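Me: Can you walk me through this one? I'd like to start with a single residue and then zoom out.

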Amino acid sequence: MIADMRLRTYFSLHHAQMAAYHARVAQSLEVNESEESAIALSAHVSAAVISAGAFMDATANEVAENSKRPGKDVKGRPASLLRLNELLEAANVPAIDYIDPLWVNAQTLIELRNRLIHYEYDWLDEGTANMIGPGALNVSPLQEKLRAAFTYLPLTVGYIPRFLSPDCAAWAVQSAVAFLDEFYCRLNQTPSHDHLRHRIKVSRP
């Protein structure tokens, strides 16, 4: 008779490695004025951002051992980051402050990931102030946060939004890893991704 058993997979680690892989490929691409080059770059940068965000989401679910919403939703704050802070509070250790650069970068990452996945019709509007939609990136606080976080593509690169740069991809991976490193540090635990640092390390270009 075979005893009951359960094998739990921590897919957050796969997300981390995928994010780093796409960030490294983005850095290796030749950035020229061709549409094909631009699409290849945007594919890898977008994938790095999406996977880095998924790394944080999955970690929150795996550590909590559930996929519930945070106990207290705070408008404008990502659910996964709130849940990670709730886990810190439950362990009687200080939560990561909303103004901490680690939080700011992680929240900016999640906001960018959400904009890429849950695309809004007017997000990439360009034009005079009276013609673009109210949700346009150019008139949103997110634009300022992105520009402060990483280097945009030069003006000579066309066909894709300038924020989809190799530096954006590397920043996304580093931001996710840094936030989760601090999370585990406050719990006095070894990060679940610690043994994979050689695979998820990326350098800023």
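This is a predicted model: local features need pLDDT of at least 70, side-chain atom pairs count only at pLDDT 80 or more; totals for chains, interfaces and linings use all residues.

Me: How exposed is Leu116?

Reply: Leu116 is partly exposed. Its relative accessible area is 22%. That value falls in the band between buried, under 20%, and exposed, over 50%.

Me: And what does Leu116 touch, leaving out residues up to four places away in sequence?

Reply: Leu116 touches Ser46, Val49, Trp123 and Phe163.

Me: How far is Leu116 from Pro78 in space?

Reply: The two C-alpha atoms are 15 Å apart. In sequence, Leu116 and Pro78 are 38 residues apart.

Me: OK, zoom out. How many helices and strands does the protein have?

Reply: The protein has seven helices and zero strands. From the N terminus on, the order reads α-α-α-α-α-α-α.

Me: What is the radius of gyration, and what would a compact globule have?

Reply: The protein has a radius of gyration of 18 Å. A compact globule with 205 residues would be near 17 Å, so the two agree. Along the principal axes, the C-alpha trace spans about 65 × 35 × 35 Å.

Me: What share of the residues is buried?

Reply: Buried residues make up 44% of the 205. As for the surface, the protein exposes about 11,500 Å². Carbon and sulfur atoms supply 54% of that area.

Me: What about contacts between residues 24 or more positions apart?

Reply: Take the contacts with a separation of 6 or more. Residues 24 or more positions apart account for 63% of them.

Me: Back to helices. How do α3 and α4 cross?

Reply: Helix α3 covers residues 79-90 and helix α4 covers residues 101-117. Their axes come within 9 Å and cross at roughly 145 degrees.

Me: Why give both an angle and a distance?

Reply: Because two packed helices are described by the angle between their axes and the distance between the axes.

Me: Which residues meet there, between α3 and α4?

Reply: From α3, Ser80, Leu81, Leu82 and Asn85. They meet Trp103, Ala106, Gln107 and Ile110 in α4. The residues of this contact divide into five nonpolar, three polar and no charged.

Me: Is Asn92 buried or exposed?

Reply: Asn92 counts as exposed, because its relative accessibility is 71% and the cut-off for exposed is over 50%.

Me: New topic. How many aromatic pairs are there?

Reply: A search of the whole structure finds seven. One of the pairs is Phe150 with Trp171, and it is tilted. The centres are 5.1 Å apart, with 45 degrees between the planes.

Me: Where do Phe150 and Trp171 sit?

Reply: Phe150 lies in the loop between α5 (141-149) and α6 (166-186), and Trp171 is in helix α6. So the pair ties together parts that are 21 residues apart in sequence. Both Phe150 and Trp171 are buried.

Me: Which rings form a cluster?

Reply: Tyr98, Trp103 and Phe179 are linked into a cluster by ring pairs.

Me: How far is Pro154 from Ser165?

Reply: They are 9.0 Å apart, C-alpha to C-alpha, and 11 residues apart in sequence.

Me: Last one. What about His15 in α1?

Reply: Helix α1 runs over residues 12-28 and holds His15. His15 is buried, with a relative accessible area of 17%. Beyond neighbours within four places in sequence, its contacts are Ser51, Ala54, Phe55 and Ala58.

Terms used: Residues are numbered from 1 along each chain as its sequence is written. Side-chain values use heavy atoms; hydrogens and water are left out. Helices (H or I, at least four residues) and strands (E, at least two) are DSSP runs, numbered from the N terminus. Buried means under 20% relative accessible area, exposed over 50%, partly exposed in between (1.4 Å probe, protein chains only). Contact means heavy atoms within 4.5 Å. Axes are lines fitted to C-alpha atoms, for helices over the stretch in contact, and angles run from 0 to 180 degrees between N-to-C directions. Ala, Val, Leu, Ile, Met, Phe, Trp, Tyr, Cys and Pro count as nonpolar, Asp, Glu, Lys and Arg as charged, and the others, Gly among them, as polar. The radius of gyration is taken over C-alpha atoms; the globule rule is 2.2 Å times the number of residues to the power 0.38. Accessible areas come from the Shrake-Rupley method with a 1.4 Å probe; for residues, only the protein chains shown count as cover. Rings of Phe, Tyr and Trp (its six-membered ring) pair if their centres lie within 6.5 Å; planes under 30 degrees apart count as stacked, over 60 as edge-to-face and the rest as tilted.
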